[in-house]
Amino acid sequence: MMRAVTWISSPVGTLKLAEENGMITELRFEEWDGKTPKTETKLLSRAREELREYFAGKRREFTLPLAPKGTEFQRRVWEALLTIPYGETRSYGEIAALIGSPKASRAVGSANHRNPISIFIPCHRVIGADGSLTGYGGGLEVKRALLAIERKAILRTDDLSRFR
């Protein structure tokens, strides 16, 4: 089992990227510890490029193979997160209902918190039932920034569509 890890700078801070056996297993908001060797692979390079395009507002969907490690329930929640369209949000309750556990909104929140592949699995698109921004591993400012990147890209596209 080969594991490769690298860190990249982004508009929302330093991101740790990891892959195992040709699958992305981690994207976390984490500074480099200065000890762990950085490794560059084709997949990590592709992930870096897709993130660059995302932050520039030019990519709405990621094409990377993902392998998040978690419980069966967590994986069901993370699969549901992948269905939230770019630029849109869903509440914890809506995700709970989507996975067939309508009373599990707190458990959905816990699974969201444990998402090991942030951004690629868009837990930033999950908000409170009242529309409020709730916790995020990278901090609420980062969550706000990611949602703003997506809204701005959609607005830019909508503006251009008037000229077609």
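**Core and helix packing: a working chat**

Visitor: What does Leu51 touch, leaving aside its neighbours within four places in sequence?
Guide: Leu51 is in contact with Ile8, Leu15, Leu17, Leu27, Phe62, Ile119 and Phe120. Contact means heavy atoms within 4.5 Å.

Visitor: What sort of model is this?
Guide: A predicted one: local features need pLDDT of at least 70, side-chain atom pairs count only at pLDDT 80 or more, and totals for chains, interfaces and linings use all residues. Residues are numbered from 1 along each chain as its sequence is written, and side-chain values use heavy atoms, with hydrogens and water left out.

Visitor: Which residues touch the most other members of the largest nonpolar core?
Guide: Leu51, Phe55, Leu81, Ile119, Phe120 and Leu146, out of 38 residues. Such a core is a set of buried Ala, Val, Leu, Ile, Met, Phe, Trp, Tyr and Cys residues joined through side-chain atoms within 4.5 Å.

Visitor: Which element gives the largest share?
Guide: α1, with six residues. Helices are DSSP runs of H or I, at least four residues, numbered from the N terminus.

Visitor: Glu50 next. Where is it found?
Guide: In helix α1, residues 42-55.

Visitor: Buried or exposed?
Guide: Glu50 counts as buried because its relative accessibility is 4%. Buried means under 20% relative accessible area, exposed over 50%, partly exposed in between (1.4 Å probe, protein chains only).

Visitor: Switching topic. Which α2 residues meet α4?
Guide: Phe73, Gln74, Val77, Trp78 and Leu81. On the α4 side they meet Ala107, Val108, Ala111 and Asn112.

How values were computed: Helices (H or I, at least four residues) and strands (E, at least two) are DSSP runs, numbered from the N terminus.
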